[in-house]
Amino acid sequence: MPSIETVAEPLVSLRDLHLSFGSNPVLKGIDLDVYRGQAVSIIGPSGSGKSTILRCITGLLQPQRGSIRVGSTEVHTLVQEAQRIELRKRVGFVFQQYNLFPHLSVLENLVIAPRKVLGRSRADAEKQARALLAKVRMEHKADAYPGQLSGGQQQRVAIARALAMRPELILFDEVTSALDPETVGEVLTVIRELTEEGMTCVLVTHEMRFAEEISDIVYFTENGVIVEHGSAAQIFQHPASERTQAFLRHAVGDPGRRPAVANDPYLLTNLGRYSLSV
Ligand SMILES: Nc1ncnc2c1ncn2[C@@H]1O[C@H](COP(=O)(O)OP(=O)(O)OP(=O)(O)O)[C@@H](O)[C@H]1O
Ligand SMILES: [Mg+2]
């Protein structure tokens, strides 16, 4: 059977991206591909450039060199803000800080952009909003305000709000790192379900076990370069680079020497984190 690479164009393609902040080179030649329906994780130490890569994909940052393509859009060539706004309609972005509109109810948070940006009718936008809230198990909080919700609940609303724009892909940047441990699992469950449904996702995460479980492809970044990439099994079980091995030793324990999953003490003690509470 032909591999996916030979039958399809990547939805997202980064080539030789170079980006500096002033004299500080942050991306030093990044190549990265995301195919439709894939879940791609970017892992690596703090400051290695992971968030910068995601911000380049949405046109929030302009690289000094290299190309960024999302579908048929050559993102690096966009010069007008209006063109970047068009791009952002197609690319959902969920951050660590959920940034819901505090003065709007949960329902209105989901209705506002489809109405104002996509021109959908109120009835239409509201119907979709309720369906998305059900999907992230938040329909019972439709009339609540963000300040009345837990961090995990707000993050689930933020994911639903991104989905309300019917994006072609969603970028997740450390969406669980500001959450209480007991609410991390409910957000990860929502993301896992999206990937299972075939939503194209790029995730920056420090939740290594989660990345291993849900990713088709994993990229390991360090110091502005991709040290290696491969299937989740390759990167987590048989990393080729010593740098990746050292990083994973710190992050998840020694690859290859971990107990079998069924007996994995981490999973057993963290099972609660993977179940959904509402
Ligand atoms: N707006 C900015 N201005 C100047 N320097 C920046 C800016 N944004 C990021 N940097 C620098 O770029 C480097 C990469 O940052 P980036 O946020 O991409 O790292 P990261 O891999 O996402 O790290 P973390 O895991 O801590 O989120 C860092 O050294 C950071 O200080
Ligand atoms: Mg970051």
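This report describes the fold, core, ligand shell and selected residues of a predicted model.

## Basis and overall make-up

Residues are numbered from 1 along each chain as its sequence is written, while chains are lettered from A and ligands numbered from 1 in the order in which they are written. Local features in this predicted model need pLDDT of at least 70, side-chain atom pairs count only at pLDDT 80 or more, and totals for chains, interfaces and linings use all residues.

The protein chain holds 11 helices and 10 strands. These are DSSP runs numbered from the N terminus: H or I with at least four residues for helices, E with at least two for strands. Of the 278 residues in the protein chain, 38% are buried. Buried means that 20 or more other C-beta atoms, placed from the backbone, lie within 10 Å of the residue's own; exposed means 12 or fewer, and partly exposed is in between. Contacts require C-beta atoms, placed from the backbone, within 7 Å. Among contacts between residues at least 6 apart in sequence, 64% join residues at least 24 apart.

## The sheet

Six strands make an open, mixed sheet, ordered β6-β7-β8-β3-β9-β10. Neighbouring strands are turned by 15 degrees against each other on average, direction ignored. Axes here are lines fitted to C-alpha atoms, for helices over the stretch in contact, and angles run from 0 to 180 degrees between N-to-C directions.

Pairing needs at least two DSSP bridges between two strands. β6 runs parallel to β7 (residues 169-173) over four bridges. There, F93 has L171 of β7 as its bridge partner.

## Strand β3

Which strand has five of its five residues buried? It is β3 (residues 39-43), so this strand is largely enclosed by the rest of the structure. Both faces are covered: A39, S41 and I43 are buried on one side, V40 and I42 on the other. In a regular strand the side chains alternate between the two faces of the sheet.

β3 pairs in the parallel sense with β8 (residues 200-204) over four bridges. A39 stands opposite C201 of β8. β3 also pairs in the parallel sense with β9 (residues 217-222), again over four bridges. I42 has Y219 of β9 as its bridge partner.

## Nonpolar core

The largest nonpolar core has 70 residues. Such a core is a set of buried Ala, Val, Leu, Ile, Met, Phe, Trp, Tyr and Cys residues joined through C-beta atoms within 7 Å. I57, A160, F172 and V202 have the most contacts inside it. Beyond its neighbours within four places in sequence, I57 contacts V12, I68, V70, V91 and L171.

## Ligand shell

Ligand 1 is surrounded by F21, V26, S46, G47, S48, G49, K50, S51 and T52. The shell takes residues whose C-beta atom, placed from the backbone, lies within 6 Å. Helix α2 (residues 50-57) gives the most to this shell, with three residues.

## Selected residues

D16 lies in strand β1 (residues 12-21). Its phi is positive, about 50 degrees, although D16 is not a glycine. D16 is partly exposed because it has 13 C-beta neighbours inside 10 Å. N223 sits in the loop between β9 and β10. Phi of N223 is also positive, near 55 degrees. N223 counts as partly exposed, with 15 other C-beta atoms within 10 Å. Most residues other than glycine have a negative phi.

Definitions and conventions. Contact = placed C-beta atoms within 7 Å.
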